[in-house]
Amino acid sequence: MTTTRKDIPGLARGRRAIRLTALSLWALLAMIVGLGNALLWSSVARAQQRDDANTGQSVAHQPSSRLTESDIARMLPATDMGAGAAMRHDARVDASDDGPATPFDAASIPRNPLAPDADAIGAKSCAACHALESMQAAHSLHVASFRAGSANSGPQAACEACHGPGSEHAKNPAAPGLIIAYTHDAKTPVDVQTRTCLSCHVGGARQHWIGSVHQERGLSCTDCHNPMTRLSAEGVLANESINQVCATCHQDIRAQFNRRSHMPLPEGQMSCVDCHNPHGSITRPLLKTDTVNETCTTCHAEKRGPFLFEHAPVAENCINCHTPHGSNQENLLALPVPMLCQQCHTNDDHVNDLLTRQSLRSGLVPDERVMERACLSCHSNIHGSNNPNGAKFHQ
Amino acid sequence: MLKHKPLTALLGLALGVAGPAPVLAQSDTSDSQRVGNTQFGNSLDPTGWAMFDAPDPAGMSWLHAGQLRTPTGVLYPWPRQLPDEARLGSGDWTYELLAELGYLHASGDRNDEFFRMYSGWKNGAALGMLAFSALNHRTGRYVEFRGSRISSQDQYYRLRSGRYGDYRVEAFYRDIPHTLSTTAYPLWNGAGSTDLTLPGGLATGSTPAQVQAVEANRPRRTLSVTRQSTGVSWEGTLIRHWIGYAGVTNENRTGDRDWGGPMYLTYFFVAPGPGGAGTPSVPGTFGGQYETVRPVDFTTTDVNLGLRNQGGASGWLFNLGMTGSFFRDHKRTLDYAVPFAAAPGYASVITGGTWSLEPNNDYYHVRLEASHPLKLWHGQFSVSASYGSMRQNDALQAPLSPMYCPSGQFIGSTGIACADWNTTAALSRQNGDARIDTGLLNLRVDFRPTAKLSWHLNLRQRDEDNMTRYTMVNPLTGQYGYVPENGAEPLVTGGTELFQPGSPLYQSNFAQIASIPFSTNDRKAELGGSYRIDRYNTLSASYLLDHQTPRPRERTYIDDQHLKLGWDTRAFGNATLRFSYEYEKRTGGRYNPDPYLAAYSPSMPGYVLPAVGYTAFTVAQMYKYDMSNLEASKLKAILTMPLGTTATLSATLYGNRKRYGADIGRQSVGTTGADLSWDWEPGAATSMSVYAGMASSRLKQGNVNDNEALTFSSPQQADMQFGGPFYPYANFWTATDNERNVDAGTHFRHVFSPRVRLDLDYDYTWSRGLDSYGYASLAAISTVYQSILSAADVGSSFPVNVYRMQTLTARLNLTLTRKLGLALYGKYEFGNYADWHYAGFDMPAELIVGNRVFTELGPQPHWHVLLVGAFVTVKL
Amino acid sequence: MSAMPRLLHLVALAILWAPAFSTAAADGAAAHKPAAWVDLRGQPPITGDARAGQARSAVCAACHGPQGLAIAPNFPDLAGQSATYLYMQLKTFKSGQRRDPVMSGQAATLSDADMRNLAVHYASLPAKPAGRADAASRGGQLFLDGDPARGIPPCQACHGPTGRGPRVYPSDAPQPPWATFPRLHGLSAVYVTKALGDFRSGARSGSSNARIMHGVAQTLDDADILALSSYIATQ
């Protein structure tokens with residue numbers, strides 16, 4: 001006896017579409033690698049030309065201070081953040097191209113549009129007045145990493161790599177906008193702030209920052225991070241923990257974690273960033289994965305299946321039945337059972353009866369459809385069953 | 001097998017590469033890219049950082065008072081007092097060590113479910129914190145370790161090491177407890193194993209009184225699951241501009257939780273009590289429901305590989321991520337013996353049931369992301385493509401257990417031979433062979449033609465291919481379908497889910513004969529933009545069309561349209577207000593209430609339509625809420641308002657209204673809420689916050705009872721129309737869930753002198769749920785209850801559900817010497833709880849209700865618990 | 001069962017009250033010593049009665065001159081100086097964060113009102129007329145531009161381009177206590193040299209402002225101080 005395949009129209013089409021996606025993925029990869037190589041070549045050639053141009057330029061440009069950007073560059077530590085340097089056509093990168101990458105070599109001084117004529121003055125000048133800031137910052141991951149390896153020369157770019165050239169600010173510190181500032185009253189546009197951070201912290205988890213909801217709503221990196229001091233165990237956060245940072249704006253979500261059933265955030269076992277990437281993602285709720293279910297099944301892998309018998313709303317979206325942050329019902333359910341199930345199951349027989357308070361254990365007609373786990377007493381494999389008798393999830 | 005090899009290989013790789021590779025370079029790490037394990041804390045210190053958070057009176061700057069604010073307007077916390085760093089040897093290393101060791105003691109209702117939910121409190125020694133960090137200021141190499149232990153079920157240890165801007169290796173171990181019930185009294189022996197046996201004296205055929213007598217003396221147990229995870233990872237630069245990541249995590253999840261066990265419905269067999277209507281009924285002695293206990297014994301191994309590029313000369317940013325996740329279930333079945341005969345009087349052969357628990361599964365996923373700046377309008381183009389595959393090929397289990405339906409026996413009077421169903425020879429194939437593949441392509445362009453205007457276009461396509469096909473056909477009998485509920489249903493009613501062409505007994509049976517391979521394709525197009533009107537105001541708008549083609553579902557396509565408007569303003573003084581509104585409208589193809597016929601017997605050749613037809617699958621006017629029309633509005637406003645130089649007021653106001661175009665099914669949902677908080681930080685010595693919030697929600701649904709008198713007796717049973725003979729208006733009913741939540745609290749911290757610091761928190765949370773119902777007539781309730789219940793009995797709602805918890809937490813730090821300190825910790829928690837699911841379950845004997853066996857009494861209605869701890873703190 | 005919660009309450013109360021005792025003890029110990037430094041970061045501009053100050057100024061005039069212009073270069077000119085700066089100096093002389101053989105004793109006898117009045121009085125007197133400072137001199141360069149190569153910030157940032165006080169702009173962000181920053185123009189070279197030397201050595205570090213100057217002065221060598229002092233004297 002052979003099995004009968006029940007073909008449902010549209011499935012073949014779906015399979016074709018997936019193969020097409022997979023194929024296009026590979027084609028894209030091949031194309032990108034090829035293109036990348038080609039561009040790499042041409043840029044090396046361009047870089048050599050640029051070297052000559054730069055030497056000419058540096059003679060022409062006479063900064064008002066005696067410390068040039070390249071002086072500072074030489075004092076940078078020999079470790080690196082090496083991001084996006086070539087994109088900015090930084091002379092220093094070209095100069096060091098023949099040696100091993102020096103990690104912080106891309107931390108050049110960003111241009112401050114509000115002080116176009118300012119020159120770099122070096123961290124020592126900054127720290128003369130900002131002594132406390134300098135001390136605190138030295139204990140935060142961000143500046144500590146700038147300092148590392150520069151014990152002899154001094155981390156001259158440590159301040160200006162983020163705040164832009166400081167000569168104008170040093171002369172007139174109260175004048176707005178003369179350095180790139182990241183706090184509440186900053187005159188620096190948020191866009192300039194984030195671009196400065198992203199020039200080093202490029203790609204990776206921040207690949208989708210542009211167009212993400214936090215970018216569109218005008219948040220700056222420093223709304224969540226404070227690289228000037230160590231306030232958190234990790235993540236250079238603007239508060240003690242990720243959860244506290246997120247809750248400064250998302251108070252309503254934080255409150256949901258106080259409910260009867262919740263993900264273990266208040267207990268410190270999880271953070272918002274376990275599921276969400278606040279820097280942007282390809283999903284609207286900033287999930288780290290392609291879909292809600294892929295996020296949930298990372299930890300709840302047993303519910304991933306696939307099973308012989310799938311439950312349509314389960315396979316479709318966990319949020320059909322669960323509220324992910326917290327709920328007044330058991331197991332993060334969106335509604336009490338049996339009402340949860342009865343929203344869709346109106347079939348016949350035992351599923352569509354009105355069930356009342358008299359069907360409680362304390363009622364006149366105690367009923368298994370209401371007491372304790374209600375529907376789930378029998379249909380326990382509600383996330384899918386791999387039992388040949390499990391079409392209704394009760395085996 | 002698979003789960004250990006990649007671990008070893010990657011460990012080798014991680015250690016091999018990380019050790020001798022100082023020339024490699026790396027940017028910041030990518031924790032916010034991968035799911036899980038970003039947070040290490042516990043109930044003693046949820047942040048994992050409180051120990052270090054001693055504010056420095058000198059503040060952040062000699063130049064100005066107080067703290068600066070974030071761009072949005074929230075005060076940054078006071079910086080911490082810089083630690084004493086000691087030199088390590090004669091080199092450039094400095095280190096810092098902190099250990100907090102002590103004793104925890106809980107008294108009162110320390111076994112309460114809510115007190116223990118995610119906290120492994122235990123009387124005894126506890127490690128509050130062990131933290132070590134060392135840094136070489138010259139080379140930037142560092143080692144950081146942080147660990148804490150409340151008990152063996154609640155602990156974490158994490159080590160990070162690397163070189164700033166170069167590479168990082170990480171290793172962690174953690175246990176996270178999850179207590180599911182502390183009031184479980186499982187009837188069976190062997191709870192937590194795959195075989196539940198009846199305790200001494202009980203055998204199938206016992207009476208409720210006999211079972212009750214045994215149950216009354218069963219010991220109390222806690223049902224809980226512990227997640228024990230370990231992981232190692234490495235991240236660092238491979239070659240210039242290319243950063244690699246490799247990580248393996250392994251999680252063992254062990255424990256037990258409540259589960260089910262169906263032996264056919266019992267409520268059908270209820271009889272009116274001797275006192276007549278309005279008096280307690282007599283539960284019938286047919287069928288049976290068993291709240292069992294299932295084992296949890298999972299291992300999940302995740303392998304993550306990543307490779308990304310930092311925009312070298314080509315200007316492309318690449319991000320490639322690969323995930324392999326391997327789930328292994330070490331206890332894949334659950335057998336349970338039952339004390340009640342499903343059908344007394346028969347020589348019952350069904351003496352127990354069997355479950356298939358979750359099968360092993362493998363998951364693979366690869367995603368490539370690339371973006372490149374565009375010259376046109378300062379644009380950016382980005383593309384993301386991914387491919388995923390979920391696979392499962394477990395050995396299938398025999399439909400019935402030979403233990404409880406032994407060969408040689410027959411099920412009741414149906415003639416179904418146990419031998420035909422209790423081996424895997426009864427299956428059409430021996431393995432699951434289930435697989436779902438997914439593919440995703442996301443294309444996006446962002447443009448910024450002027451400094452004020454930006455817009456984007458996003459196209460996304462995601463397809464699923466569910467390749468699982470399983471036909472239930474028994475090669476031994478030639479029958480399609482299955483024997484439901486471990487054979488109990490045929491035993492009780494003679495009914496089956498079997499279909500056999502040419503068999504007078506089964507040729508007209510309406511039975512599911514195949515699995516249904518659900519899948520959805522999804523196309524999304526979004527166009528959006530924002531415009532900065534002036535320095536203080538930005539408007540944004542976006543339109544999204546989400547076109548889904550699910551199959552086989554009630555609609556062949558669904559179009560979800562979202563219009564979103566946003567306004568961000570700083571126009572009100574120095575406050576920031578973010579306001580958003582979203583309108584959603586969902587429409588779709590014609591609604592087909594029964595699209596699943598292909599998986600049922602009437603679609604098979606040889607099916608003979610019975611004279612009365614087959615029972616309507618469902619009522620035609622029911623719209624499932626994921627498929628029905630929908631009109632929704634969502635509104636949210638978030639205000640952050642600086643008050644002077646030391647305080648901030650934050651407020652959130654939100655509401656949403658959803659209307660589903662349905663009378664039957666979910667009709668509407670609405671939520672309204674507001675939150676307010678005030679944070680005050682007058683100086684380094686004091687900080688305080690007060691918060692309060694409320695939320696209320698209302699969900700309404702409609703349903704209709706079928707006219708059971710027509711089932712199998714009249715051709716009218718096939719009528720799917722609401723208002724027709726099978727689903728008459730008189731049987732209509734509605735249910736409404738009303739929920740209200742209030743949260744409030746205050747957090748206070750004061751440094752009385754440099755040596756004495758007090759943290760005091762009070763948190764209050766309260767929720768109230770009322771489930772009410774309405775009905776057209778008493779025909780909405782089960783036919784069997786109509787002779788027992790009056791309208792007055794039925795009333796209009798379930799009892800109120802309440803959850804209230806108040807927590808007072810105090811922590812007092814006393815500095816004795818520069819290196820030695822003392823910390824006293826106290827937490828007083830009390831609350832009350834009511835959930836009508838557990839109403840009437842007050843003692844173990846009450847867990848037996850007719851032919852039903854329950855396991856849990858539910859959370860305690862009231863609890864008070866005091867947790868105290870004393871810790872010695874050593875800093876080096 | 002009912003005894004347990006009551007016991008719990010007691011323990012909880014005990015924990016909550018414990019800090020009260022330790023606080024008292026700690027405060028008692030701390031009260032005798034002057035604080036190491038005075039926090040001027042939140043100091044608002046002061047007010048006072050200039051006339052009353054004048055009445056109290058006879059002793060001061062002995063060194064600082066009847067019109068607030070010092071009789072000898074080792075004493076600072078007070079005329080036209082920032083009132084808040086003067087007040088804070090008197091205050092720190094009195095409370096011990098700033099020490100001077102003469103001034104410590106003089107300030108000890110002054111009441112808070114006296115100090116305010118005196119400060120306002122001297123601030124109201126006409127400052128010394130501007131001199132002809134040479135911006136191109138070494139001192140001028142340091143004062144106006146600093147020396148980035150050596151990490152010297154320009155003095156004009158806080159003391160103003162002409163030494164007549166800083167340039168202030170409206171802002172919602174926390175601002176430096178501008179009023180507590182002294183005006184430097186025309187101060188004698190001797191006095192400025194001593195002040196910078198004291199800041200550099202840490203002899204004068206008893207206020208948050210002095211701590212800023214400690215950091216700044218440490219970037220200066222003796223030649224820089226000399227150059228700056230002569231430039232400031234001619235401002």
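Mentor: The model is a predicted one. Let us start with what packs over a helix: α10 (208-217) and α11 (222-233) of chain C are among the elements that cover the buried residues of α9(C).

Trainee: Which residues of α9(C) are buried?

Mentor: An α-helix has 3.6 residues a turn, so residues three or four places apart point the same way. In this case the buried residues are Y191(C), V192(C), T193(C), A195(C), L196(C), F199(C) and R200(C).

Trainee: How far does helix α9 of chain C reach from its first C-alpha to its last?

Mentor: Helix α9 of chain C, residues 189-201, has 13 residues and spans 18 Å, close to the 18 Å expected at 1.5 Å a residue. Just after α9(C) comes G202(C), with a positive phi of about 95°.

Trainee: How many bridges join strand β6 to strand β8 in chain B?

Mentor: Strand β6 (residues 167-184) and strand β8 (residues 221-239) of chain B run antiparallel and are joined by 15 bridges. W234(B) in β8(B) is the bridge partner of V169(B). On to the next pairing: β8(B) and strand β9 (residues 242-259) of chain B also run antiparallel, with 14 bridges, and E235(B) has Y245(B) in β9(B) as its bridge partner. The hairpin of β8(B) and β9(B) has two residues between the strands, and H241(B) takes a positive phi near 75° there.

Trainee: How many residues of chain A are in contact with chain B?

Mentor: In chain A, 168 residues are in contact with 226 residues of chain B. α1(A) gives the most to that side of chain A, namely 17 residues. By class, the side comprises 74 nonpolar, 63 polar and 31 charged residues.

How values were computed. Residues numbered from 1 in each chain as written. Chains lettered and ligands numbered in written order. Predicted model: local features only at pLDDT ≥ 70, side-chain atom pairs only at ≥ 80, totals over all residues. Contact = placed C-beta atoms within 7 Å. Helix = DSSP H or I, 4+ residues; strand = E, 2+ residues; numbered from the N terminus. Nonpolar A, V, L, I, M, F, W, Y, C, P; charged D, E, K, R; others polar. Expected span 1.5 Å × (residues − 1). Buried ≥ 20, exposed ≤ 12 C-beta atoms within 10 Å, placed from the backbone. Pairing = 2+ DSSP bridges.
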